[in-house]
Amino acid sequence: MSTTTGREVWSSRTVFLAAAIGSAIGLGNIWRFPYIAYENGGGSFLVPYVIALVTGGVSMLFFDYAIGHRFRGAPPLAFRRISRRAEMFGWVQTLVTFFIAVYYMAILAWSAFYAYYSLTLAWGDDPEAFFVKEFLQVDGSRVFSAGYLPSLTIGLALIWLALLYVMSHGVERGVGKVSKVAVPLLIVLFLAITVRALFLPGAAAGLDTLFTPDWSALLKPSVWMAGYGQIFYSLAVGFGIMLTQASYLKRRTDVTTTAWTVAFANSSFEVLAGIGVFSVLGYMATTSGQEVGDVVSSGIGLAFIAFPKIISLMPGGPLFGALFFGSLFLAGFTSMFSIIEVPISAAMDKFGWARRKAVMVVGGLAGAISVALLPTTTGLATLDIMDKFINVFGIVMIALVTLLVVGWGMKMFPVLSRHLDAISTIRTRGWWVAAVGVLTPFVLAVTLVGDTRELLTNPYGGYTTGQLLVFGWGLALLIWVVGFVMSRLPWAKKTELQAPVEYDFDVDRPADQPHPVAVDVRGESSEELTEGGRA
(Lines give C-alpha, C1' and ligand atoms only; values in the text may rest on other atoms or scores of the structure.)
Protein backbone atom coordinates (compact mmCIF):
# COMPACT_ATOMS: atom_id res chain seq x y z
CA MET A 1 0.00 0.00 0.00
CA SER A 2 1.38 3.38 -0.91
CA THR A 3 1.52 5.54 2.16
CA THR A 4 0.78 8.60 0.08
CA THR A 5 -2.52 7.28 -1.23
CA GLY A 6 -3.48 4.50 1.15
CA ARG A 7 -3.50 6.49 4.40
CA GLU A 8 -6.88 7.46 5.77
CA VAL A 9 -7.86 11.13 5.69
CA TRP A 10 -10.42 13.23 7.52
CA SER A 11 -13.40 13.88 5.28
CA SER A 12 -13.47 17.56 6.21
CA ARG A 13 -11.75 20.17 8.35
CA THR A 14 -14.81 20.21 10.60
CA VAL A 15 -14.42 16.52 11.46
CA PHE A 16 -10.71 17.02 12.13
CA LEU A 17 -11.42 20.02 14.36
CA ALA A 18 -13.96 18.02 16.36
CA ALA A 19 -11.41 15.27 16.93
CA ALA A 20 -8.55 17.69 17.64
CA ILE A 21 -10.58 19.80 20.07
CA GLY A 22 -11.85 16.63 21.73
CA SER A 23 -8.26 15.55 22.12
CA ALA A 24 -7.17 18.87 23.64
CA ILE A 25 -10.15 19.19 26.00
CA GLY A 26 -9.48 16.64 28.70
CA LEU A 27 -9.47 16.16 32.43
CA GLY A 28 -6.73 18.76 32.91
CA ASN A 29 -8.99 21.53 31.61
CA ILE A 30 -11.58 20.84 34.28
CA TRP A 31 -9.61 19.97 37.37
CA ARG A 32 -6.17 21.51 36.79
CA PHE A 33 -6.54 24.94 35.17
CA PRO A 34 -8.77 26.55 37.86
CA TYR A 35 -6.38 25.56 40.64
CA ILE A 36 -3.24 26.60 38.72
CA ALA A 37 -4.79 29.99 37.92
CA TYR A 38 -5.80 30.52 41.56
CA GLU A 39 -2.34 29.56 42.86
CA ASN A 40 -0.51 31.81 40.43
CA GLY A 41 -2.05 35.23 40.68
CA GLY A 42 -5.72 34.74 39.85
CA GLY A 43 -6.77 37.13 37.11
CA SER A 44 -3.21 38.26 36.48
CA PHE A 45 -2.28 34.66 35.61
CA LEU A 46 -4.15 35.14 32.35
CA VAL A 47 -1.27 37.34 31.17
CA PRO A 48 1.46 34.65 31.25
CA TYR A 49 -1.14 32.07 30.24
CA VAL A 50 -2.05 33.89 27.01
CA ILE A 51 1.60 34.62 26.21
CA ALA A 52 2.41 30.94 26.79
CA LEU A 53 -0.52 29.98 24.57
CA VAL A 54 0.85 32.01 21.66
CA THR A 55 4.58 31.47 22.04
CA GLY A 56 4.55 27.93 23.41
CA GLY A 57 1.27 26.17 22.73
CA VAL A 58 0.54 27.42 19.21
CA SER A 59 4.18 27.22 18.13
CA MET A 60 4.38 23.58 19.29
CA LEU A 61 1.10 22.82 17.55
CA PHE A 62 2.63 24.24 14.36
CA PHE A 63 5.66 21.98 14.86
CA ASP A 64 3.58 18.83 15.45
CA TYR A 65 1.12 19.58 12.65
CA ALA A 66 3.89 20.39 10.18
CA ILE A 67 5.75 17.12 10.78
CA GLY A 68 2.57 15.02 10.71
CA HIS A 69 1.18 16.69 7.60
CA ARG A 70 4.48 16.85 5.70
CA PHE A 71 5.76 13.34 6.49
CA ARG A 72 2.40 11.51 6.64
CA GLY A 73 2.78 9.06 9.45
CA ALA A 74 2.60 8.34 13.15
CA PRO A 75 5.70 9.60 15.02
CA PRO A 76 8.04 6.67 14.20
CA LEU A 77 7.39 6.80 10.45
CA ALA A 78 7.30 10.60 10.31
CA PHE A 79 10.66 10.90 12.07
CA ARG A 80 12.11 7.99 10.08
CA ARG A 81 11.27 9.91 6.91
CA ILE A 82 13.24 12.84 8.29
CA SER A 83 16.24 10.72 9.25
CA ARG A 84 16.99 7.16 10.25
CA ARG A 85 18.60 8.56 13.38
CA ALA A 86 15.37 10.30 14.41
CA GLU A 87 13.13 7.22 14.43
CA MET A 88 13.83 6.45 18.10
CA PHE A 89 12.30 9.77 19.15
CA GLY A 90 9.08 8.77 17.39
CA TRP A 91 8.97 5.52 19.32
CA VAL A 92 9.54 7.28 22.63
CA GLN A 93 6.58 9.54 21.86
CA THR A 94 4.53 6.49 20.93
CA LEU A 95 5.36 4.65 24.16
CA VAL A 96 4.54 7.76 26.21
CA THR A 97 1.03 7.81 24.75
CA PHE A 98 0.70 4.04 25.20
CA PHE A 99 1.31 4.26 28.95
CA ILE A 100 -0.79 7.39 29.33
CA ALA A 101 -3.65 5.38 27.83
CA VAL A 102 -3.01 2.63 30.38
CA TYR A 103 -3.63 4.80 33.43
CA TYR A 104 -5.87 7.52 31.94
CA MET A 105 -8.67 5.02 31.39
CA ALA A 106 -8.86 4.27 35.09
CA ILE A 107 -9.96 7.86 35.78
CA LEU A 108 -12.68 7.45 33.14
CA ALA A 109 -13.94 4.39 34.99
CA TRP A 110 -13.99 6.31 38.27
CA SER A 111 -15.94 9.12 36.59
CA ALA A 112 -18.51 6.68 35.20
CA PHE A 113 -19.07 5.14 38.64
CA TYR A 114 -19.35 8.55 40.29
CA ALA A 115 -21.92 9.71 37.74
CA TYR A 116 -24.02 6.79 38.97
CA TYR A 117 -23.16 7.35 42.64
CA SER A 118 -24.27 10.98 42.32
CA LEU A 119 -27.87 9.94 41.80
CA THR A 120 -28.06 8.50 45.33
CA LEU A 121 -25.25 10.50 46.96
CA ALA A 122 -23.68 7.14 47.74
CA TRP A 123 -20.57 8.69 49.37
CA GLY A 124 -22.61 9.76 52.40
CA ASP A 125 -21.26 12.33 54.87
CA ASP A 126 -17.55 11.65 54.27
CA PRO A 127 -16.67 11.62 50.54
CA GLU A 128 -12.94 11.34 51.27
CA ALA A 129 -13.31 8.19 53.34
CA PHE A 130 -15.71 6.75 50.76
CA PHE A 131 -13.28 7.39 47.88
CA VAL A 132 -10.17 6.13 49.65
CA LYS A 133 -11.49 3.36 51.90
CA GLU A 134 -14.67 2.08 50.28
CA PHE A 135 -14.44 2.81 46.56
CA LEU A 136 -10.70 2.23 45.95
CA GLN A 137 -9.86 0.47 49.25
CA VAL A 138 -6.41 2.05 49.02
CA ASP A 139 -3.36 0.07 50.12
CA GLY A 140 -0.46 2.50 50.03
CA SER A 141 2.26 0.23 51.36
CA ARG A 142 2.81 -2.39 48.65
CA VAL A 143 4.11 -2.17 45.09
CA PHE A 144 1.27 -4.35 43.80
CA SER A 145 -1.39 -5.91 45.97
CA ALA A 146 -3.33 -8.01 43.43
CA GLY A 147 -6.37 -7.01 45.46
CA TYR A 148 -8.87 -6.53 42.64
CA LEU A 149 -12.06 -4.51 43.01
CA PRO A 150 -14.61 -6.58 41.04
CA SER A 151 -17.03 -3.83 39.96
CA LEU A 152 -14.26 -1.45 38.98
CA THR A 153 -12.42 -4.18 37.08
CA ILE A 154 -15.51 -5.04 35.04
CA GLY A 155 -16.34 -1.38 34.45
CA LEU A 156 -12.81 -0.58 33.26
CA ALA A 157 -12.81 -3.59 30.93
CA LEU A 158 -16.14 -2.52 29.39
CA ILE A 159 -14.92 1.03 28.77
CA TRP A 160 -11.83 -0.36 27.05
CA LEU A 161 -14.03 -2.54 24.83
CA ALA A 162 -16.16 0.49 23.89
CA LEU A 163 -13.04 2.51 23.07
CA LEU A 164 -11.51 -0.22 20.91
CA TYR A 165 -14.81 -0.71 19.09
CA VAL A 166 -14.76 2.97 18.08
CA MET A 167 -11.07 2.83 17.14
CA SER A 168 -11.56 -0.26 14.95
CA HIS A 169 -13.80 1.78 12.63
CA GLY A 170 -11.03 4.20 11.71
CA VAL A 171 -10.34 7.90 12.07
CA GLU A 172 -13.34 8.97 9.99
CA ARG A 173 -16.11 6.41 10.56
CA GLY A 174 -15.11 5.79 14.19
CA VAL A 175 -13.31 8.68 15.84
CA GLY A 176 -14.72 11.37 13.54
CA LYS A 177 -18.37 10.35 13.90
CA VAL A 178 -18.22 9.97 17.67
CA SER A 179 -16.26 13.22 18.14
CA LYS A 180 -18.80 15.21 16.10
CA VAL A 181 -21.43 14.22 18.65
CA ALA A 182 -19.41 13.90 21.86
CA VAL A 183 -17.49 17.20 21.72
CA PRO A 184 -20.55 19.47 21.23
CA LEU A 185 -22.35 17.42 23.89
CA LEU A 186 -19.45 17.91 26.30
CA ILE A 187 -19.51 21.68 25.75
CA VAL A 188 -23.29 21.83 26.21
CA LEU A 189 -23.08 19.76 29.41
CA PHE A 190 -20.42 21.97 30.90
CA LEU A 191 -22.27 25.11 29.87
CA ALA A 192 -25.28 23.76 31.76
CA ILE A 193 -23.09 23.06 34.79
CA THR A 194 -21.58 26.56 34.66
CA VAL A 195 -24.94 28.32 34.31
CA ARG A 196 -26.31 26.33 37.25
CA ALA A 197 -23.21 27.12 39.32
CA LEU A 198 -23.41 30.85 38.61
CA PHE A 199 -26.79 31.02 40.36
CA LEU A 200 -25.60 29.34 43.56
CA PRO A 201 -25.25 31.46 46.71
CA GLY A 202 -21.60 32.46 47.06
CA ALA A 203 -20.75 32.01 43.38
CA ALA A 204 -19.59 35.62 43.16
CA ALA A 205 -17.14 35.07 46.02
CA GLY A 206 -15.67 32.13 44.15
CA LEU A 207 -15.27 34.14 40.96
CA ASP A 208 -13.69 37.02 42.88
CA THR A 209 -11.16 34.60 44.31
CA LEU A 210 -10.33 33.21 40.87
CA PHE A 211 -10.16 36.41 38.87
CA THR A 212 -8.96 39.05 41.35
CA PRO A 213 -5.50 39.86 39.99
CA ASP A 214 -2.34 39.74 42.06
CA TRP A 215 -0.06 41.75 39.78
CA SER A 216 2.97 41.13 41.97
CA ALA A 217 2.77 37.46 40.94
CA LEU A 218 3.94 38.44 37.45
CA LEU A 219 7.39 39.14 38.92
CA LYS A 220 7.78 35.49 39.94
CA PRO A 221 9.43 33.16 37.37
CA SER A 222 7.43 30.24 38.78
CA VAL A 223 4.18 31.88 37.66
CA TRP A 224 5.40 32.12 34.07
CA MET A 225 6.60 28.52 34.19
CA ALA A 226 3.15 27.52 35.47
CA GLY A 227 1.56 29.25 32.46
CA TYR A 228 3.70 27.30 30.02
CA GLY A 229 3.23 24.09 31.98
CA GLN A 230 -0.55 24.37 31.84
CA ILE A 231 -0.54 25.09 28.10
CA PHE A 232 1.73 22.12 27.29
CA TYR A 233 -0.27 19.87 29.62
CA SER A 234 -3.71 20.76 28.29
CA LEU A 235 -2.91 21.04 24.56
CA ALA A 236 -1.13 17.65 24.50
CA VAL A 237 1.73 18.92 22.33
CA GLY A 238 5.18 17.48 21.84
CA PHE A 239 4.52 13.78 22.32
CA GLY A 240 2.89 12.52 19.15
CA ILE A 241 -0.84 13.07 19.56
CA MET A 242 -1.27 16.16 17.40
CA LEU A 243 1.40 14.95 14.99
CA THR A 244 -0.55 11.74 14.34
CA GLN A 245 -3.84 13.56 13.89
CA ALA A 246 -2.28 15.92 11.35
CA SER A 247 -1.00 12.95 9.34
CA TYR A 248 -4.61 12.25 8.37
CA LEU A 249 -5.26 15.75 7.04
CA LYS A 250 -5.91 16.25 3.35
CA ARG A 251 -3.08 17.44 1.11
CA ARG A 252 -4.32 21.02 0.96
CA THR A 253 -5.28 22.08 4.47
CA ASP A 254 -4.85 25.44 6.15
CA VAL A 255 -2.77 23.99 8.96
CA THR A 256 -1.81 27.13 10.87
CA THR A 257 -5.37 28.47 11.03
CA THR A 258 -6.49 25.06 12.25
CA ALA A 259 -3.85 25.14 14.99
CA TRP A 260 -4.99 28.56 16.21
CA THR A 261 -8.61 27.34 16.24
CA VAL A 262 -7.78 24.24 18.30
CA ALA A 263 -5.61 26.23 20.74
CA PHE A 264 -8.18 28.92 21.44
CA ALA A 265 -11.05 26.41 21.67
CA ASN A 266 -9.06 24.53 24.30
CA SER A 267 -8.24 27.68 26.29
CA SER A 268 -11.82 28.95 26.06
CA PHE A 269 -13.04 25.71 27.58
CA GLU A 270 -10.45 26.04 30.35
CA VAL A 271 -11.73 29.49 31.26
CA LEU A 272 -15.30 28.15 31.17
CA ALA A 273 -14.23 25.32 33.47
CA GLY A 274 -12.62 27.83 35.82
CA ILE A 275 -15.83 29.85 36.03
CA GLY A 276 -17.93 26.76 36.73
CA VAL A 277 -15.56 25.19 39.25
CA PHE A 278 -14.92 28.35 41.28
CA SER A 279 -18.61 29.27 41.33
CA VAL A 280 -19.23 25.92 42.96
CA LEU A 281 -16.29 26.30 45.34
CA GLY A 282 -17.63 29.73 46.32
CA TYR A 283 -20.94 28.10 47.19
CA MET A 284 -19.20 25.47 49.28
CA ALA A 285 -17.20 28.08 51.16
CA THR A 286 -20.34 30.13 51.86
CA THR A 287 -22.37 27.19 53.17
CA SER A 288 -19.52 25.90 55.36
CA GLY A 289 -18.46 29.30 56.69
CA GLN A 290 -14.96 29.02 55.24
CA GLU A 291 -12.84 31.10 52.90
CA VAL A 292 -12.78 30.02 49.27
CA GLY A 293 -9.06 29.40 49.52
CA ASP A 294 -9.69 26.82 52.24
CA VAL A 295 -11.79 24.60 49.98
CA VAL A 296 -9.71 24.84 46.80
CA SER A 297 -8.02 21.67 45.59
CA SER A 298 -6.78 20.23 42.33
CA GLY A 299 -6.79 16.99 40.39
CA ILE A 300 -8.28 13.87 41.86
CA GLY A 301 -8.99 15.57 45.18
CA LEU A 302 -11.13 18.22 43.50
CA ALA A 303 -13.12 15.79 41.38
CA PHE A 304 -13.71 12.88 43.71
CA ILE A 305 -13.60 14.47 47.17
CA ALA A 306 -14.38 18.21 47.05
CA PHE A 307 -17.10 18.05 44.42
CA PRO A 308 -19.04 15.20 46.07
CA LYS A 309 -19.12 17.29 49.25
CA ILE A 310 -20.61 20.17 47.27
CA ILE A 311 -23.08 17.93 45.44
CA SER A 312 -24.38 16.67 48.78
CA LEU A 313 -25.05 20.23 49.94
CA MET A 314 -26.58 21.92 46.93
CA PRO A 315 -30.19 21.89 45.72
CA GLY A 316 -30.53 19.50 42.79
CA GLY A 317 -27.19 17.97 43.71
CA PRO A 318 -27.77 14.50 42.23
CA LEU A 319 -28.53 15.88 38.77
CA PHE A 320 -25.61 18.33 38.99
CA GLY A 321 -23.32 15.48 40.03
CA ALA A 322 -24.41 13.26 37.16
CA LEU A 323 -23.77 16.11 34.72
CA PHE A 324 -20.37 16.91 36.23
CA PHE A 325 -19.04 13.37 36.26
CA GLY A 326 -20.65 12.68 32.90
CA SER A 327 -18.68 15.66 31.55
CA LEU A 328 -15.49 14.30 33.09
CA PHE A 329 -16.12 10.96 31.40
CA LEU A 330 -16.82 12.53 28.01
CA ALA A 331 -13.77 14.78 28.23
CA GLY A 332 -11.57 11.81 28.99
CA PHE A 333 -13.17 9.51 26.43
CA THR A 334 -12.76 11.95 23.53
CA SER A 335 -9.14 12.54 24.57
CA MET A 336 -8.51 8.80 24.60
CA PHE A 337 -9.28 8.55 20.87
CA SER A 338 -6.19 10.54 19.97
CA ILE A 339 -4.03 9.07 22.75
CA ILE A 340 -4.47 5.42 21.76
CA GLU A 341 -4.45 6.27 18.03
CA VAL A 342 -0.72 7.07 18.24
CA PRO A 343 0.50 3.52 19.07
CA ILE A 344 -2.19 1.97 16.84
CA SER A 345 -1.12 4.08 13.86
CA ALA A 346 2.56 3.41 14.63
CA ALA A 347 1.97 -0.35 14.55
CA MET A 348 0.10 -0.06 11.25
CA ASP A 349 3.01 1.86 9.75
CA LYS A 350 5.80 -0.30 11.18
CA PHE A 351 4.39 -3.78 10.67
CA GLY A 352 1.97 -3.19 7.82
CA TRP A 353 -1.00 -4.37 9.89
CA ALA A 354 -4.60 -3.65 9.00
CA ARG A 355 -6.35 -1.26 11.40
CA ARG A 356 -8.43 -3.90 13.16
CA LYS A 357 -5.39 -6.08 13.82
CA ALA A 358 -3.47 -3.09 15.19
CA VAL A 359 -6.42 -2.15 17.40
CA MET A 360 -6.72 -5.70 18.73
CA VAL A 361 -2.99 -6.15 19.41
CA VAL A 362 -1.93 -2.68 20.57
CA GLY A 363 -5.21 -1.57 22.11
CA GLY A 364 -5.76 -5.02 23.58
CA LEU A 365 -2.30 -4.98 25.19
CA ALA A 366 -2.83 -1.49 26.66
CA GLY A 367 -6.23 -2.56 27.94
CA ALA A 368 -4.85 -5.76 29.47
CA ILE A 369 -2.10 -3.87 31.33
CA SER A 370 -4.61 -1.26 32.45
CA VAL A 371 -7.07 -3.84 33.79
CA ALA A 372 -4.24 -5.80 35.41
CA LEU A 373 -2.70 -2.84 37.29
CA LEU A 374 -5.28 -0.14 37.97
CA PRO A 375 -8.54 -1.58 39.43
CA THR A 376 -6.66 -2.83 42.50
CA THR A 377 -6.10 -1.56 46.02
CA THR A 378 -2.69 -0.23 44.91
CA GLY A 379 -4.09 1.28 41.71
CA LEU A 380 -4.26 4.88 42.97
CA ALA A 381 -0.56 4.94 43.88
CA THR A 382 0.36 3.27 40.59
CA LEU A 383 -1.60 5.85 38.61
CA ASP A 384 -0.18 8.81 40.50
CA ILE A 385 3.45 7.70 40.13
CA MET A 386 3.09 6.79 36.44
CA ASP A 387 1.51 10.15 35.68
CA LYS A 388 4.26 12.14 37.40
CA PHE A 389 7.24 10.33 35.88
CA ILE A 390 5.77 10.11 32.38
CA ASN A 391 5.09 13.83 32.44
CA VAL A 392 8.68 14.62 33.42
CA PHE A 393 10.78 11.96 31.69
CA GLY A 394 8.38 11.26 28.86
CA ILE A 395 6.50 14.36 27.75
CA VAL A 396 8.88 17.16 28.81
CA MET A 397 12.09 15.30 27.98
CA ILE A 398 11.07 14.00 24.54
CA ALA A 399 9.66 17.39 23.53
CA LEU A 400 12.95 19.06 24.48
CA VAL A 401 15.11 16.43 22.75
CA THR A 402 12.99 16.55 19.59
CA LEU A 403 13.19 20.32 19.27
CA LEU A 404 16.94 20.36 19.80
CA VAL A 405 17.93 17.31 17.74
CA VAL A 406 15.33 17.33 14.96
CA GLY A 407 14.57 21.04 14.84
CA TRP A 408 18.11 22.37 15.14
CA GLY A 409 20.42 19.38 14.66
CA MET A 410 18.65 18.09 11.54
CA LYS A 411 17.76 21.61 10.37
CA MET A 412 14.05 20.96 10.11
CA PHE A 413 12.80 24.35 11.33
CA PRO A 414 13.25 26.12 7.95
CA VAL A 415 11.80 23.12 6.08
CA LEU A 416 8.71 22.95 8.29
CA SER A 417 8.27 26.73 8.21
CA ARG A 418 8.34 26.69 4.41
CA HIS A 419 5.82 23.84 4.31
CA LEU A 420 3.40 25.64 6.63
CA ASP A 421 3.69 28.89 4.70
CA ALA A 422 3.03 27.11 1.41
CA ILE A 423 -0.33 25.68 2.47
CA SER A 424 -1.62 28.01 5.19
CA THR A 425 -3.07 31.49 5.54
CA ILE A 426 -1.18 32.54 8.67
CA ARG A 427 2.56 32.68 7.92
CA THR A 428 5.30 31.52 10.27
CA ARG A 429 8.18 33.63 8.99
CA GLY A 430 10.19 35.26 11.75
CA TRP A 431 8.37 34.69 15.03
CA TRP A 432 7.79 30.95 14.83
CA VAL A 433 11.37 29.68 14.79
CA ALA A 434 12.27 32.04 17.64
CA ALA A 435 9.33 30.78 19.71
CA VAL A 436 9.61 27.05 19.02
CA GLY A 437 13.38 26.90 18.61
CA VAL A 438 14.58 29.16 21.43
CA LEU A 439 11.91 30.09 23.97
CA THR A 440 10.13 26.73 24.17
CA PRO A 441 13.33 24.64 24.60
CA PHE A 442 14.46 27.03 27.34
CA VAL A 443 11.17 26.62 29.24
CA LEU A 444 11.24 22.84 28.80
CA ALA A 445 14.87 22.62 29.95
CA VAL A 446 14.21 24.67 33.10
CA THR A 447 11.14 22.52 33.84
CA LEU A 448 13.04 19.26 33.32
CA VAL A 449 15.98 20.28 35.51
CA GLY A 450 13.73 21.55 38.30
CA ASP A 451 11.47 18.50 38.32
CA THR A 452 14.40 16.07 38.15
CA ARG A 453 16.15 17.76 41.07
CA GLU A 454 12.94 17.59 43.09
CA LEU A 455 12.38 13.90 42.33
CA LEU A 456 15.97 13.03 43.25
CA THR A 457 15.85 15.04 46.46
CA ASN A 458 12.45 14.07 47.87
CA PRO A 459 10.63 10.76 47.32
CA TYR A 460 7.58 11.72 45.26
CA GLY A 461 4.29 11.68 47.16
CA GLY A 462 5.83 9.90 50.14
CA TYR A 463 5.65 6.59 48.25
CA THR A 464 7.96 3.69 49.05
CA THR A 465 11.26 3.13 47.25
CA GLY A 466 9.88 -0.01 45.60
CA GLN A 467 6.83 1.78 44.20
CA LEU A 468 8.95 4.61 42.79
CA LEU A 469 11.54 2.27 41.29
CA VAL A 470 8.95 0.13 39.48
CA PHE A 471 6.30 2.59 38.33
CA GLY A 472 8.48 5.71 38.26
CA TRP A 473 12.16 5.41 37.43
CA GLY A 474 11.77 1.93 35.97
CA LEU A 475 8.94 2.94 33.66
CA ALA A 476 10.83 6.06 32.49
CA LEU A 477 13.88 3.93 31.63
CA LEU A 478 11.71 1.30 29.95
CA ILE A 479 10.18 3.85 27.58
CA TRP A 480 13.57 5.03 26.31
CA VAL A 481 15.10 1.53 26.07
CA VAL A 482 12.13 0.03 24.24
CA GLY A 483 12.04 3.10 22.00
CA PHE A 484 15.63 2.37 20.96
CA VAL A 485 14.90 -1.34 20.39
CA MET A 486 11.81 -0.59 18.28
CA SER A 487 13.80 1.77 16.09
CA ARG A 488 16.13 -1.13 15.22
CA LEU A 489 13.37 -3.48 14.05
CA PRO A 490 12.80 -3.74 10.28
CA TRP A 491 9.88 -1.97 8.60
CA ALA A 492 7.18 -3.77 6.67
CA LYS A 493 8.12 -4.01 3.00
CA LYS A 494 4.95 -2.24 1.92
CA THR A 495 5.65 0.80 4.10
CA GLU A 496 7.23 3.49 1.96
CA LEU A 497 10.09 5.12 3.87
CA GLN A 498 10.52 7.88 1.33
CA ALA A 499 8.61 11.03 2.21
CA PRO A 500 5.67 11.67 -0.14
CA VAL A 501 6.86 14.40 -2.48
CA GLU A 502 3.45 15.92 -3.15
CA TYR A 503 3.08 17.38 0.33
CA ASP A 504 5.47 20.30 -0.03
CA PHE A 505 4.78 23.30 -2.25
CA ASP A 506 6.58 26.28 -3.60
CA VAL A 507 5.13 29.31 -1.81
CA ASP A 508 5.22 31.34 -5.00
CA ARG A 509 3.30 28.84 -7.13
CA PRO A 510 -0.48 28.66 -7.47
CA ALA A 511 -2.23 26.26 -5.08
CA ASP A 512 -3.04 23.81 -7.88
CA GLN A 513 0.58 23.53 -9.04
CA PRO A 514 2.54 21.73 -6.32
CA HIS A 515 6.31 21.90 -6.38
CA PRO A 516 7.66 18.62 -4.97
CA VAL A 517 10.50 18.31 -2.53
CA ALA A 518 12.99 15.51 -3.00
CA VAL A 519 13.77 13.27 -0.04
CA ASP A 520 16.32 10.48 -0.16
CA VAL A 521 14.66 7.05 -0.27
CA ARG A 522 16.73 6.01 2.73
CA GLY A 523 14.84 8.59 4.77
CA GLU A 524 17.74 10.99 5.23
CA SER A 525 16.84 14.63 4.69
CA SER A 526 18.46 15.69 1.44
CA GLU A 527 20.63 18.71 0.85
CA GLU A 528 17.89 20.22 -1.27
CA LEU A 529 15.33 19.74 1.49
CA THR A 530 17.54 21.42 4.05
CA GLU A 531 18.23 24.33 1.79
CA GLY A 532 14.62 25.36 1.45
CA GLY A 533 12.58 22.69 -0.24
CA ARG A 534 13.46 22.95 -3.94
CA ALA A 535 14.31 19.69 -5.65
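Helix H4 covers residues 46-71, which makes 26 residues; at 1.5 Å a residue they should span 38 Å, and the end C-alpha atoms are 35 Å apart, which agrees. The expected span is 1.5 Å times one less than the number of residues. Helices here are DSSP runs (H or I, at least four residues), numbered from the N terminus.

This is a predicted model, where local features need pLDDT of at least 70 and side-chain atom pairs count only at pLDDT 80 or more. Residues are numbered from 1 along each chain, and side-chain values use heavy atoms, without hydrogens or water.

Look along H4. A kink of about 40° is centred on Leu53. That bend is the angle between axes fitted to the seven residues ending there and the seven starting there. Of the 26 residues in H4, 21 are buried. Buried means under 20% relative accessible area, exposed over 50%, and partly exposed in between (1.4 Å probe, protein chains only). Just after H4, Arg72 has a positive phi of about 50°.

Now turn to charged pairs. The whole structure holds four salt bridges. Each is a side-chain nitrogen of Lys or Arg within 4 Å of a carboxyl oxygen of Asp or Glu. Arg80 pairs with Glu87 at 3.8 Å, and both are buried. Lys350 joins these two in a network of salt bridges.

Arg142 bridges to Asp139 at 2.8 Å. Asp139 is buried, at 15% relative accessible area. Arg142 is partly exposed because its relative accessibility is 45%.

Glu341 and Arg355 also meet, at 2.8 Å from N to O. Glu341 lies in helix H16 and Arg355 in helix H17, so the pair ties together parts 14 residues apart in sequence. Glu341 and Arg355 are both buried.

Note on methods
Helix = DSSP H or I, 4+ residues; strand = E, 2+ residues; numbered from the N terminus.
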